[in-house]
Amino acid sequence: MGKMADIDEMMYSCGLEILHPGGMEKTDEMVKMCKIGKDKKVLDIGSGKGITACYLVQKYECEVIGVDLSERMIEYAKEMAKKKGLNDRVSFRSVDAHNLPFEDESFDIVLAECTTVLLDKEKAFSEFLRITKIGGYLGDLEMTWQKLPPEELVDRVYDVWEGFRTMTLEEWKNFYERMGMVDVKTVDFSETILDMEEAMKKELGLKGMIKIGCKLLLHSDLRKAMNQYSKIFKDYVDYIGYGYIVGRKE
Ligand SMILES: C[S@@+](CC[C@H](N)C(=O)[O-])C[C@H]1O[C@@H](n2cnc3c(N)ncnc32)[C@H](O)[C@@H]1O
(Lines give C-alpha, C1' and ligand atoms only; values in the text may rest on other atoms or scores of the structure.)
Protein backbone atom coordinates (compact mmCIF):
# COMPACT_ATOMS: atom_id res chain seq x y z
CA MET A 1 0.00 0.00 0.00
CA GLY A 2 1.32 3.48 -0.87
CA LYS A 3 2.08 6.26 1.60
CA MET A 4 -1.06 8.22 0.78
CA ALA A 5 -3.28 5.21 1.52
CA ASP A 6 -1.36 4.60 4.78
CA ILE A 7 -1.95 8.19 5.87
CA ASP A 8 -5.64 7.96 4.92
CA GLU A 9 -6.02 4.80 7.01
CA MET A 10 -4.24 6.43 9.95
CA MET A 11 -6.51 9.50 9.79
CA TYR A 12 -9.59 7.30 9.66
CA SER A 13 -8.43 5.13 12.54
CA CYS A 14 -7.88 8.27 14.63
CA GLY A 15 -11.47 9.37 14.17
CA LEU A 16 -11.68 11.31 10.91
CA GLU A 17 -15.01 10.46 9.32
CA ILE A 18 -14.67 11.84 5.81
CA LEU A 19 -11.56 12.59 3.86
CA HIS A 20 -12.95 14.69 1.06
CA PRO A 21 -12.68 18.47 1.07
CA GLY A 22 -15.84 20.51 1.53
CA GLY A 23 -17.60 17.88 3.64
CA MET A 24 -21.26 16.94 3.16
CA GLU A 25 -22.17 20.47 2.05
CA LYS A 26 -20.24 20.02 -1.21
CA THR A 27 -21.41 16.41 -1.54
CA ASP A 28 -25.01 17.70 -1.40
CA GLU A 29 -24.36 20.30 -4.10
CA MET A 30 -22.76 17.72 -6.36
CA VAL A 31 -25.42 15.02 -5.94
CA LYS A 32 -28.18 17.55 -6.61
CA MET A 33 -26.48 18.34 -9.92
CA CYS A 34 -26.54 14.57 -10.56
CA LYS A 35 -30.34 14.65 -10.02
CA ILE A 36 -30.31 12.41 -6.98
CA GLY A 37 -33.69 11.39 -5.61
CA LYS A 38 -35.89 8.67 -4.14
CA ASP A 39 -35.14 5.15 -5.42
CA LYS A 40 -32.22 6.26 -7.61
CA LYS A 41 -29.48 3.63 -7.73
CA VAL A 42 -26.14 5.14 -6.75
CA LEU A 43 -22.61 3.73 -6.69
CA ASP A 44 -20.06 5.41 -4.39
CA ILE A 45 -16.53 4.65 -5.59
CA GLY A 46 -13.88 4.62 -2.83
CA SER A 47 -16.58 4.80 -0.18
CA GLY A 48 -14.11 4.88 2.75
CA LYS A 49 -15.92 4.76 6.10
CA GLY A 50 -19.29 4.81 4.34
CA ILE A 51 -20.36 8.23 5.60
CA THR A 52 -21.43 9.61 2.21
CA ALA A 53 -23.29 6.39 1.29
CA CYS A 54 -25.26 6.33 4.57
CA TYR A 55 -25.94 10.06 4.42
CA LEU A 56 -27.36 9.86 0.88
CA VAL A 57 -29.64 6.95 1.76
CA GLN A 58 -30.99 8.79 4.80
CA LYS A 59 -31.42 12.14 3.11
CA TYR A 60 -32.59 11.20 -0.39
CA GLU A 61 -34.09 7.71 0.12
CA CYS A 62 -31.97 6.38 -2.71
CA GLU A 63 -30.19 3.01 -2.81
CA VAL A 64 -26.42 3.09 -2.52
CA ILE A 65 -23.66 0.55 -3.03
CA GLY A 66 -20.25 1.62 -1.75
CA VAL A 67 -17.09 0.02 -3.10
CA ASP A 68 -13.57 0.31 -1.73
CA LEU A 69 -10.34 -1.57 -2.27
CA SER A 70 -9.58 -1.61 1.43
CA GLU A 71 -11.21 -4.46 3.37
CA ARG A 72 -10.73 -2.45 6.54
CA MET A 73 -12.74 0.49 5.15
CA ILE A 74 -15.48 -1.91 4.07
CA GLU A 75 -15.64 -3.30 7.61
CA TYR A 76 -15.95 0.24 9.07
CA ALA A 77 -18.66 1.08 6.52
CA LYS A 78 -20.69 -2.09 7.12
CA GLU A 79 -20.59 -1.45 10.86
CA MET A 80 -21.77 2.12 10.31
CA ALA A 81 -24.73 1.02 8.12
CA LYS A 82 -25.71 -1.61 10.70
CA LYS A 83 -25.60 0.94 13.56
CA LYS A 84 -27.79 3.34 11.57
CA GLY A 85 -30.23 0.56 10.61
CA LEU A 86 -29.73 1.16 6.88
CA ASN A 87 -28.83 -2.33 5.73
CA ASP A 88 -31.86 -2.64 3.49
CA ARG A 89 -30.79 0.32 1.29
CA VAL A 90 -27.02 0.47 1.52
CA SER A 91 -24.35 -2.19 1.05
CA PHE A 92 -20.59 -2.24 0.73
CA ARG A 93 -18.22 -4.43 -1.26
CA SER A 94 -14.49 -4.68 -1.39
CA VAL A 95 -13.62 -4.35 -5.08
CA ASP A 96 -11.15 -2.54 -7.30
CA ALA A 97 -12.70 0.48 -9.02
CA HIS A 98 -10.87 -0.43 -12.23
CA ASN A 99 -12.83 -3.71 -12.53
CA LEU A 100 -16.37 -3.34 -11.30
CA PRO A 101 -18.50 -6.46 -10.88
CA PHE A 102 -21.70 -4.79 -12.08
CA GLU A 103 -23.74 -5.14 -15.24
CA ASP A 104 -23.75 -2.52 -17.99
CA GLU A 105 -26.10 0.43 -17.41
CA SER A 106 -27.08 -0.56 -13.89
CA PHE A 107 -26.68 2.74 -11.95
CA ASP A 108 -28.41 6.12 -12.25
CA ILE A 109 -25.47 7.89 -10.62
CA VAL A 110 -21.82 6.99 -10.14
CA LEU A 111 -20.00 9.14 -7.58
CA ALA A 112 -16.45 9.42 -6.37
CA GLU A 113 -14.95 11.65 -3.70
CA CYS A 114 -11.23 12.08 -3.29
CA THR A 115 -10.58 8.74 -4.97
CA THR A 116 -10.15 9.04 -8.74
CA VAL A 117 -6.93 11.04 -8.18
CA LEU A 118 -5.53 7.67 -7.06
CA LEU A 119 -6.78 5.70 -10.08
CA ASP A 120 -5.85 5.05 -13.69
CA LYS A 121 -8.40 7.54 -14.97
CA GLU A 122 -8.96 6.19 -18.50
CA LYS A 123 -9.51 2.67 -17.20
CA ALA A 124 -11.62 3.64 -14.21
CA PHE A 125 -13.87 6.11 -16.05
CA SER A 126 -14.46 3.58 -18.85
CA GLU A 127 -15.81 1.27 -16.15
CA PHE A 128 -17.88 4.04 -14.52
CA LEU A 129 -19.44 4.88 -17.88
CA ARG A 130 -20.11 1.25 -18.74
CA ILE A 131 -22.20 0.73 -15.59
CA THR A 132 -24.03 4.10 -15.79
CA LYS A 133 -27.48 4.11 -17.39
CA ILE A 134 -27.96 6.23 -20.50
CA GLY A 135 -29.01 9.65 -19.22
CA GLY A 136 -27.37 8.90 -15.86
CA TYR A 137 -24.76 11.07 -14.16
CA LEU A 138 -21.17 10.87 -13.06
CA GLY A 139 -20.00 13.16 -10.24
CA ASP A 140 -16.46 13.45 -8.94
CA LEU A 141 -15.25 15.69 -6.10
CA GLU A 142 -11.48 15.96 -5.97
CA MET A 143 -8.40 17.91 -5.10
CA THR A 144 -7.44 19.81 -8.26
CA TRP A 145 -4.76 22.14 -9.53
CA GLN A 146 -5.99 25.74 -9.33
CA LYS A 147 -3.52 26.58 -12.07
CA LEU A 148 -1.00 24.53 -14.01
CA PRO A 149 1.64 23.48 -11.47
CA PRO A 150 5.39 23.89 -11.98
CA GLU A 151 7.16 20.63 -12.84
CA GLU A 152 9.02 20.71 -9.52
CA LEU A 153 5.68 20.59 -7.63
CA VAL A 154 4.36 17.73 -9.76
CA ASP A 155 7.54 15.75 -9.11
CA ARG A 156 7.33 16.37 -5.35
CA VAL A 157 3.67 15.42 -5.20
CA TYR A 158 4.20 12.26 -7.26
CA ASP A 159 7.05 11.30 -5.01
CA VAL A 160 5.29 11.92 -1.67
CA TRP A 161 1.61 11.32 -2.45
CA GLU A 162 2.32 8.04 -4.17
CA GLY A 163 -0.13 7.34 -6.99
CA PHE A 164 -1.82 10.77 -6.76
CA ARG A 165 -2.55 12.46 -10.11
CA THR A 166 -4.89 15.39 -10.58
CA MET A 167 -5.70 18.08 -13.16
CA THR A 168 -7.05 21.60 -13.40
CA LEU A 169 -10.86 21.74 -13.57
CA GLU A 170 -10.59 22.72 -17.22
CA GLU A 171 -8.52 19.58 -17.87
CA TRP A 172 -11.04 17.49 -15.91
CA LYS A 173 -13.85 18.91 -18.06
CA ASN A 174 -11.93 18.11 -21.25
CA PHE A 175 -11.27 14.61 -19.94
CA TYR A 176 -14.99 14.00 -19.21
CA GLU A 177 -15.88 15.23 -22.71
CA ARG A 178 -13.19 13.09 -24.30
CA MET A 179 -14.69 10.09 -22.48
CA GLY A 180 -18.00 10.92 -24.19
CA MET A 181 -19.90 12.72 -21.42
CA VAL A 182 -22.15 15.68 -22.16
CA ASP A 183 -23.43 18.72 -20.22
CA VAL A 184 -20.18 18.69 -18.27
CA LYS A 185 -20.08 21.26 -15.47
CA THR A 186 -17.35 22.08 -12.99
CA VAL A 187 -17.48 23.93 -9.67
CA ASP A 188 -14.39 25.34 -8.02
CA PHE A 189 -14.69 25.76 -4.25
CA SER A 190 -10.99 26.27 -3.50
CA GLU A 191 -11.64 29.63 -1.89
CA THR A 192 -13.81 28.03 0.82
CA ILE A 193 -10.93 25.85 2.03
CA LEU A 194 -8.06 28.11 2.94
CA ASP A 195 -6.23 25.45 4.93
CA MET A 196 -7.12 21.78 4.38
CA GLU A 197 -4.86 20.65 7.21
CA GLU A 198 -6.50 23.01 9.70
CA ALA A 199 -9.94 21.81 8.56
CA MET A 200 -8.90 18.19 9.24
CA LYS A 201 -7.40 19.05 12.64
CA LYS A 202 -10.63 20.79 13.62
CA GLU A 203 -12.66 17.74 12.66
CA LEU A 204 -10.33 15.36 14.50
CA GLY A 205 -10.51 17.33 17.75
CA LEU A 206 -8.06 17.04 20.65
CA LYS A 207 -8.59 13.29 21.18
CA GLY A 208 -7.93 12.52 17.51
CA MET A 209 -4.87 14.75 17.42
CA ILE A 210 -3.41 13.00 20.47
CA LYS A 211 -4.00 9.62 18.80
CA ILE A 212 -2.26 10.83 15.63
CA GLY A 213 0.63 12.21 17.69
CA CYS A 214 1.10 8.78 19.34
CA LYS A 215 0.99 6.93 15.99
CA LEU A 216 3.50 9.32 14.45
CA LEU A 217 5.82 8.88 17.43
CA LEU A 218 5.75 5.11 16.94
CA HIS A 219 6.02 5.01 13.13
CA SER A 220 8.89 7.01 11.67
CA ASP A 221 7.88 6.20 8.05
CA LEU A 222 4.42 7.70 8.63
CA ARG A 223 5.96 10.67 10.46
CA LYS A 224 8.27 11.39 7.54
CA ALA A 225 5.46 11.04 4.98
CA MET A 226 3.15 13.25 7.08
CA ASN A 227 5.81 16.00 7.36
CA GLN A 228 6.37 15.97 3.59
CA TYR A 229 2.63 15.91 3.03
CA SER A 230 2.14 19.01 5.25
CA LYS A 231 5.02 20.84 3.64
CA ILE A 232 3.49 20.47 0.19
CA PHE A 233 0.19 21.97 1.41
CA LYS A 234 2.09 24.91 2.93
CA ASP A 235 4.58 25.55 0.12
CA TYR A 236 2.09 25.32 -2.73
CA VAL A 237 -1.11 26.70 -1.28
CA ASP A 238 -1.70 28.77 -4.45
CA TYR A 239 -1.71 25.68 -6.68
CA ILE A 240 -3.78 23.22 -4.68
CA GLY A 241 -7.48 23.54 -5.30
CA TYR A 242 -10.77 21.77 -4.69
CA GLY A 243 -13.73 21.23 -6.93
CA TYR A 244 -16.18 18.86 -8.52
CA ILE A 245 -17.11 17.79 -12.02
CA VAL A 246 -20.49 16.49 -13.13
CA GLY A 247 -21.32 14.99 -16.52
CA ARG A 248 -24.16 13.06 -18.13
CA LYS A 249 -23.93 9.88 -20.16
CA GLU A 250 -25.63 10.43 -23.49
C1 LIG B 1 -9.07 9.66 0.39
S2 LIG B 1 -10.08 8.26 0.66
C3 LIG B 1 -11.70 8.95 0.36
C4 LIG B 1 -12.79 8.14 0.99
C5 LIG B 1 -14.19 8.73 0.93
N6 LIG B 1 -14.68 8.83 -0.42
C7 LIG B 1 -14.25 10.05 1.64
O8 LIG B 1 -14.53 11.03 1.00
O9 LIG B 1 -14.01 10.08 2.85
C10 LIG B 1 -9.80 7.29 -0.81
C11 LIG B 1 -10.45 5.91 -0.75
O12 LIG B 1 -10.26 5.27 -2.02
C13 LIG B 1 -10.00 3.90 -1.78
N14 LIG B 1 -9.33 3.36 -2.97
C15 LIG B 1 -8.07 3.59 -3.39
N16 LIG B 1 -7.80 2.92 -4.53
C17 LIG B 1 -8.94 2.25 -4.85
C18 LIG B 1 -9.31 1.36 -5.91
N19 LIG B 1 -8.44 1.03 -6.88
N20 LIG B 1 -10.56 0.86 -5.93
C21 LIG B 1 -11.45 1.17 -4.95
N22 LIG B 1 -11.15 2.00 -3.90
C23 LIG B 1 -9.92 2.53 -3.86
C24 LIG B 1 -9.18 3.90 -0.52
O25 LIG B 1 -9.17 2.65 0.13
C26 LIG B 1 -9.86 5.00 0.30
O27 LIG B 1 -10.88 4.51 1.12
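**Exercise 1.** Find the bridge partner of Asp44 in β4.

Solution. In β4, Asp44 is bridged to Leu111. The strands are β1, residues 41-45, and β4, which run parallel and are joined by four bridges. Strands here are DSSP runs of E with at least two residues, and helices are runs of H or I with at least four, numbered from the N terminus. Two strands pair if DSSP finds at least two bridges between them.

The model is predicted: local features need pLDDT of at least 70, side-chain atom pairs count only at pLDDT 80 or more, and totals for chains, interfaces and linings use all residues. Residue numbers start from 1 along each chain as its sequence is written.

**Exercise 2.** Is strand β4 largely enclosed or exposed?

Solution. Seven of the seven residues of β4 (residues 107-113) are buried, so the strand is largely enclosed by the rest of the structure. Buried means that 20 or more other C-beta atoms, placed from the backbone, lie within 10 Å of the residue's own; exposed means 12 or fewer, and partly exposed is in between.

**Exercise 3.** Give the strand order of the open sheet and name the edge strands.

Solution. Step one: the seven strands have the order β3-β2-β1-β4-β5-β7-β6, with mixed pairing. Step two: β3 (90-94) and β6 (181-188) are the edge strands, since each pairs on one side only.

**Exercise 4.** Which residues does Gly37 contact, leaving aside neighbours within four places in sequence?

Solution. Step one: Gly37 lies in the loop between α2 (23-33) and β1. Step two: its contacts are Tyr60 and Cys62, where contact means C-beta atoms, placed from the backbone, within 7 Å. Step three: Gly37 and Cys62 are 25 residues apart in sequence, yet their C-alpha atoms are 6.0 Å apart. Step four: Gly37 counts as partly exposed because it has 13 C-beta neighbours inside 10 Å.

Key:
Two residues are in contact if their C-beta atoms, placed from the backbone, lie within 7 Å.
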